[in-house]
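The following exercises are intended for a reader who is meeting this structure for the first time. Each task is followed by a solution in steps.

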Amino acid sequence: MTAVRHLYLHMPFCRRRCPYCDYPVVATSSPDPSRWARALAAELRLQAAVGLDLSRPDTLLVGGGTPSCLGAGLTGAVEAIVGAARLSRLSEWTVEANPEDIDEWLLEQWRRAGVTRVHIGVQSLRAGVLEWLGREHAPAAGLAAMMAARRAGFWSWGVDVLFGLPPEIDPGPMATLEGVIDAGAPHVSLHELALEPGTPLFTACREGRFVPADADLVADQYLACHEVLEDAGYKPYEMTSFARPSHRPVHIPATLGGAPWLGLGPGAHSRIRGRAVRNLREWQGYLGALQGGKIPVSEAVAVEPGSPEVFWCRLRLADGIPRSELGAGGRGLADAWTARGLALDARTRLRLAPAGWLRLDELADELARVERRSRGPDRAGPPPPGRKRKRDGG
């Protein structure tokens with residue numbers, strides 16, 4: 001039996017798709033929580049039948065999509081999927097929410113049902129930016145949602161903030177970041193705007209309707225956000241995630257650090273039995289596989305300990321990698337990165353500096369090559385699916 005302590009549930013429904021989104025979502029004005037619950041419960045049973053020990057989960061992340069569009073029915077649906085006994089054993093249960101969906105009453109219902117953390121997609125506190133992004137909420141709703149999280153009694157909660165937008169749309173995220181800090185958010189996640197092929201925003205850019213932010217501007221904004229957050233008392237525990245003391249969550253560091261996790265739902269990612277696994281993205285195809293009694297996997301790739309994927313995940317973490325786990329080549333590379341300002345000066349661990357995090361893909365590949373030369377032939381194979389994704393389980 002393979003013990004899995006971390007679960008991710010993908011709730012695919014949104015009232016509408018944002019023009020920058022390429023996640024596996026279904027736009028609908030009437031999401032069906034019971035159908036979602038039945039599907040994911042069926043997938044969970046199939047995974048248990050093939051030898052996954054899911055009896056004692058430690059963390060649960062419910063993402064999407066827009067889990068909050070299910071309202072008060074969300075927690076009942078999650079219980080139908082996971083089971084009351086498993087939910088009672090959780091040390092951390094996080095739900096993603098949009099500001100327009102939540103108020104103090106709803107958040108209090110979630111908290112009483114066992115939710116320990118809520119993460120709010122504020123994104124920006126500028127009206128023009130929110131309109132351009134296709135968001136349904138106004139700045140006032142973002143502020144109200146943060147106040148509701150505080151009043152509902154959530155000890156820990158977080159906020160998403162976007163950066164790297166075209167300068168003609170948003171001169172920078174600092175005003176939003178300052179508003180979030182003033183609101184007392186104990187956790188902040190930074191997300192760079194990505195122009196993904198197939199999205200309306202990607203098409204608009206290619207047609208010349210706006211000029212995207214260049215790489216230097218994006219890097220400058222990231223470094224500036226990092227500095228502002230640290231000055232305000234937040235510490236990065238992961239490349240884009242910052243928390244006040246004692247508010248660091250468990251789920252993301254555990255999964256990036258190599259702990260197995262199971263993702264349920266369309267497009268969800270898992271890391272189980274030494275493989276990176278991705279589910280079928282399309283909702284109907286996902287349902288069809290389950291109806292045929294099949295686990296709805298679209299791709300599964302072996303993950304070797306010294307692969308670029310593993311280094312990419314572990315180097316994201318502020319704790320980095322113990323130098324004792326590296327060969328002579330890796331330790332020498334760590335010293336070289338420190339001399340160049342890409343890593344922090346630490347005797348026992350290889351920990352990237354903010355400047356190093358900006359070059360994460362390159363550094364993870366370089367470390368994998370050096371470690372292969374130190375330890376023997378490459379057995380890693382191709383990189384697993386989802387390498388450049390933080391969501392979908394991680």
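Predicted model: local features only at pLDDT ≥ 70, side-chain atom pairs only at ≥ 80, totals over all residues.

**Exercise 1. Helix 7 and its surroundings**

Which residues of helix 7 are buried, and what covers them? Describe then how helix 7 packs with helix 9.

*Solution.* Step 1. In helix 7 (residues 174–182), the buried residues are Thr176, Leu177, Gly179, Val180 and Ile181.

Step 1. Their cover includes strand 8, helix 6 (139–151), strand 9 (156–163), strand 10 (187–192) and helix 9 (215–231).

Step 2. Two packed helices are described by the angle between their axes and the distance between the axes. For helix 7 and helix 9, the angle is about 20° and the axes are 11 Å apart. Helix 7 is therefore roughly parallel to helix 9, since angles under 35 degrees fall in that class. The crossing of helix 7 and helix 9 is right-handed.

Step 3. Helix 7 contributes Met174, Leu177 and Ile181 to the contact, and helix 9 contributes Gln221, Ala224, Cys225, Val228 and Leu229. By type, the residues of this contact are 7 nonpolar, 1 polar and no charged.

Step 4. Gly184, which follows helix 7, has a positive phi near 85°.

**Exercise 2. Two partners of helix 15**

How do helix 12 and helix 13 pack against helix 15?

*Solution.* Step 1. Helix 12 (residues 308–316) and helix 15 have axes 8 Å apart, at an angle of about 125°. The two helices are therefore oblique to each other. Helix 12 passes helix 15 in a right-handed crossing.

Step 1. On the side of helix 12, the contact residues are Pro308, Phe311, Trp312, Leu315 and Arg316. Their counterparts in helix 15 include Leu360, Ala364, Leu367 and Arg372. The contact of helix 12 with helix 15 divides into 8 nonpolar, no polar and 5 charged residues.

Step 2. The axes of helix 13 (residues 328–339) and helix 15 (residues 360–375) come within 7 Å and cross at roughly 145°. Helix 13 uses Ala328, Gly329, Gly330, Leu333 and Trp337 to meet helix 15, where the partners include Leu363, Glu366 and Val370. The contact of helix 13 with helix 15 comprises 6 nonpolar, 3 polar and 2 charged residues.

Step 3. At 0% relative accessibility, Leu315 counts as buried. Beyond its neighbours within four places in sequence, Leu315 is in contact with Ile321, Leu350, Leu352, Trp357, Leu360, Ala364 and Leu367.

**Exercise 3. The nonpolar cores**

Which residues touch the most other members of the largest nonpolar core?

*Solution.* Step 1. The largest nonpolar core has 94 residues, and Leu9, Trp36, Val78, Trp110 and Leu190 touch the most other members. Helix 15 gives the most to this core, with 6 residues.

Step 1. Apart from neighbours within four places in sequence, the contacts of Leu9 include Trp36, Leu40, Val78, Ile81 and Leu264.

Step 2. A second, separate core holds 15 residues, among them Cys14, Leu162, Cys205 and Phe210.

**Exercise 4. Ala254**

Step 1. Ala254 and Arg316 are 62 residues apart along the chain, and their C-alpha atoms are separated by 12 Å.

Technical notes. Residues numbered from 1 in each chain as written. Heavy atoms only, no water. Axes fitted to C-alpha atoms, helices over the stretch in contact; angles between N-to-C directions. Helix = DSSP H or I, 4+ residues; strand = E, 2+ residues; numbered from the N terminus. Contact = heavy atoms within 4.5 Å. Nonpolar A, V, L, I, M, F, W, Y, C, P; charged D, E, K, R; others polar. Parallel < 35°, antiparallel > 145°, perpendicular 65-115°, else oblique. Left-handed = near helix turned anticlockwise from the far one by under 90°. Core = buried A, V, L, I, M, F, W, Y, C linked by side-chain atoms within 4.5 Å. Buried < 20%, exposed > 50% of the residue type's maximum accessible area, 1.4 Å probe, protein only.
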